[in-house]
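Please read it alongside the sequence and the coordinates shown below.

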Amino acid sequence: MAAPASNLRINADRLWDSLMEMAKIGPGVAGGNNRQTLTDEDGEGRALFQKWCEEAGCTMGLDTMGNMFARYEGTDPDALPVFVGSHLDTQPTGGKYDGILGVLGGLELLRSMNDLGVKTKHPIVVTNWTNEEGTRFAPAMLASGVFAGMHTQDWAHAREDAEGLKFGDELARIGWKGDEPVGERKMHAFFELHIEQGPILEAEGKDVGVVTHGQGLSWTQVTVTGKDAHTGSTPMPMRKNAGLGMARMLEQVEEIAWSHKPDAVGAAGHIDVYPNSRNVIPGKVVFTVDFRSPQLDVIKDMETRFKAAAQKIADDMGLGVEFEKVGGFDPVEFDEGCVTAVRNAAERLGYSHRNIVSGAGHDACWINRMAPTAMVMCPCVDGLSHNEAEEISKEWAAAGADVLMHAVLETAEVQG
């Protein structure tokens, strides 16, 4: 495959202006965004994205999970398309770049091709995957998961939010439920541009992260049961304190993750204490343990060791404990050819870069099962994400989008 000329660049100002324009839809309370999936704001963001794509010469497809596919024709209509994209939905207190950079970076790629008169053999499709965040409707990466055959559509459409509203009903309500059967599109390759959501690239002064692997993830919900009792009148030896049991179990989470340093991580992010009253010893605690590693055997070891340790703590304290696996996916190794295309693009363009493992889940992790896939990452300030203070620079966004464009053009076989 011929490499694109090294002087090809995206329009950095236009990409940045598009990011800022999209950020006006569903503004947060502290400078970020609240554009949760299948809300009216999500529908408004989708409409703007479709308008921009059609202005760039694309035709828009929409499947029954609400996934959007903006197709830009190549010189060979029978060639399988190269897909590029991410997601437009945000956390309730999300930033302006998580996911959005990958979608609008893909759009900017097409706009720049128009400006530069560049053609490719393979069509290029820019994708907005529905409900990547998984905040309103669990789990995360829901629609790309259905596309990749990890979930059934009926199960996904029946997912409920905190108010009991169903995914399928809300998708239809905002007007973004298409007729195209989900998962039927075939891909030549898939590329996703994303902010790192971690501190490594900024700390090392690197322009670009070449993502070689995606961490595997294991979520285990733990329910510890003791006995509600008065904090003032119950003697210490007679207590069955579920909160104390949880605290000792969380120490085990920390120790187990540290034992697999530097790549393994572990924490409990979701904790509910009952009855959550200042003068009642907790009789029940529910929390979720999140273990991650790029190695499957490490994840399994952490799961096994934690359950054994937590069971012993519960037995020693006279508490009950139950474990439920509520989410997870195996580690991902991205396609060597696509990863090489990303690395070659960074080198051709003169951007500093390093290999990196994605610590978060992304739509690319599911699509990797369907087609050769790779990811490009750019730094974010202090590694902060899923926070309204999330920030990147115009230069970082441009470097990531430049590398994305070159990797896609090489894979889609730039003509001339």
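The protein contains 12 helices and 15 strands. Its radius of gyration is 23 Å, close to the 22 Å that the globule rule gives for 416 residues, so the protein is as compact as a globular protein of that length. Along the principal axes, its C-alpha atoms fill a box of roughly 80 × 45 × 35 Å. The model is predicted, and the values below should be read accordingly.

**Annotated domain**

- UniProt, in an unreviewed entry, places the feature "domain: Peptidase M20 dimerisation" at residues 215-314.

**Packing of α1 and α2**

- Helix α1 spans residues 12-23 and helix α2 spans residues 40-55; their axes come within 10 Å of each other and cross at roughly 150 degrees.
- Angles over 145 degrees count as roughly antiparallel, and α1 and α2 are therefore roughly antiparallel to each other.
- On the α1 side, the contact involves Ser18, Glu21 and Met22; on the α2 side, it involves Gly45, Leu48, Phe49 and Trp52.
- By residue class, the contact of α1 with α2 comprises 4 nonpolar, 2 polar and 1 charged.

**Surroundings of Asn241**

- Asn241 is located in the loop between β8 (229-230) and α8 (242-258).
- The side chain of Asn241 reaches the backbone nitrogen of Gly243 at 2.9 Å.
- Leaving aside residues up to four places away in sequence, Asn241 touches Ile281, Pro282, Met317 and Leu319.

**Cis peptide bonds**

- Ala138 and Pro139 are joined by a cis peptide bond, with omega near 5 degrees.
- Pro139 is found in the loop between β4 (124-128) and α4 (142-147).
- The peptide bond between Tyr274 and Pro275 is also cis, and its omega is about 0 degrees.
- Pro275 belongs to the loop between β9 (265-274) and β10 (280-281).

- Gln197 is a residue other than glycine with a positive phi, near 65 degrees.
- The position of Gln197 is in the loop between β5 (189-195) and α7 (200-204).

Methods
Residues numbered from 1 in each chain as written. Predicted model: local features only at pLDDT ≥ 70, side-chain atom pairs only at ≥ 80, totals over all residues. Heavy atoms only, no water. Axes fitted to C-alpha atoms, helices over the stretch in contact; angles between N-to-C directions. Helix = DSSP H or I, 4+ residues; strand = E, 2+ residues; numbered from the N terminus. Parallel < 35°, antiparallel > 145°, perpendicular 65-115°, else oblique. Contact = heavy atoms within 4.5 Å. Nonpolar A, V, L, I, M, F, W, Y, C, P; charged D, E, K, R; others polar. Polar contact = N/O pair within 3.5 Å; in protein donor to acceptor, adjacent residues only side chain to side chain. UniProt positions renumbered as here; feature names shortened; annotations may be inferred. Rg over C-alpha atoms; globule rule 2.2 N^0.38 Å.
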